[in-house]
Amino acid sequence: WTPRDSAGELVYDGRMWLFGGYTPDLVNDVWSSRDGETWTMSGAIPDPAGVNIPVNMVYGGRMWVACNNGKLYATSDGSRWELVTDSAPWAGRYAAAGAVFDGRMWVLGGRSGGGIHNDVWSSTDGVAWKLETAEAPWSKRQLFSMIVVHDGKLWLLGGGLTNYHPFKSYRDVWSSP
């Protein structure tokens with residue numbers, strides 16, 4: 001694959017996966033590898049908007065990736081992508097966090113338009129999303145996938161605001177059962 005940053009990454013079905021990124025054009029190609037040395041292009045997410053710091057996760061036996069325009073796609077093989085929804089309430093987020101926890105997919109924070117968010121959404125099917133809280137107790141921020149599941153809780157680790165001037169980052173830690 002061509003040099004890039006801001007791609008989506010997952011481990012699924014015994015392989016590492018790389019989705020899109022910034023080359024400096026936004027791309028939507030999909031690559032996988034079992035060993036990190038040999039990579040195979042599996043196709044592309046069928047959306048010309050590209051993928052850049054996406055919400056991505058593995059849930060229900062499929063990989064899920066949100067494109068830059070907010071459309072959410074899923075696949076079980078990396079080559080045939082299904083449009084799950086183009087109207088998620090968090091659509092169009094840049095640098096939001098995604099996780100799978102307690103039998104649901106979760107999306108937290110991120111930036112859209114000129115706004116920064118600290119809301120929390122969950123879904124069991126990718127179509128119907130429930131607003132768990134409009135304002136979590138942590139400050140509004142971009143999360144760059146800085147969410148983990150550990151010890152029966154969802155954890156938020158740091159994050160920041162990437163206006164670059166002035167740059168602001170956090171080192172706080174939050175958790176929720």
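Does Ser-6 count as buried, exposed or partly exposed, and what is its relative accessibility?

View 1. Ser-6 counts as partly exposed, because its relative accessibility is 22% (buried is under 20% relative accessible area, exposed over 50% and partly exposed in between, with a 1.4 Å probe and protein chains only). Although not a glycine, Ser-6 has a positive phi of about 65°. Ser-6 belongs to the segment before strand 1 (8-12) (strands are DSSP runs of E with at least two residues, numbered from the N terminus). This is a predicted model, in which local features need pLDDT of at least 70 and side-chain atom pairs count only at pLDDT 80 or more, while totals for chains, interfaces and linings use all residues. Residues are numbered from 1 along each chain as its sequence is written, and side-chain values use heavy atoms, with hydrogens and water left out.

**View 2. Confidence along the chain.** The mean pLDDT of the chain is 93, and 98% of the residues score at least 70 (pLDDT is the predictor's confidence in each residue, from 0 to 100). Confidence is highest in strand 12 (residues 130-133), at 98, and lowest in strand 14 (residues 153-161), at a mean of 90.

View 3. Three bridges join strand 7 (residues 72-75) to strand 8 in the antiparallel sense, and Ala-74 stands opposite Glu-82 of strand 8.

**View 4. Two loops with backbone features.** The peptide bond from Thr-23 to Pro-24 is cis, with omega near 25°; Pro-24 is placed in the loop between strand 2 (15-22) and strand 3 (26-33). Ala-95, in the loop between strand 8 and strand 9 (97-101), has a positive phi near 65°. Ala-95 counts as buried, because its relative accessibility is 0%.

**View 5. Aromatic pairs.** Five aromatic pairs are counted (rings of Phe, Tyr and Trp, the last by its six-membered ring, pair if their centres lie within 6.5 Å; planes under 30 degrees apart count as stacked, over 60 as edge-to-face and the rest as tilted). The ring centres of Trp-90 and Trp-129 are 5.2 Å apart and the planes stand at 85°, so this pair is edge-to-face. Both Trp-90 and Trp-129 are buried. For Phe-101 and Trp-106, the centres are 6.3 Å apart and the planes at 50°, so the pair is tilted. Phe-101 and Trp-106 are buried.

Terms used: Pairing = 2+ DSSP bridges. Helix = DSSP H or I, 4+ residues; strand = E, 2+ residues; numbered from the N terminus.
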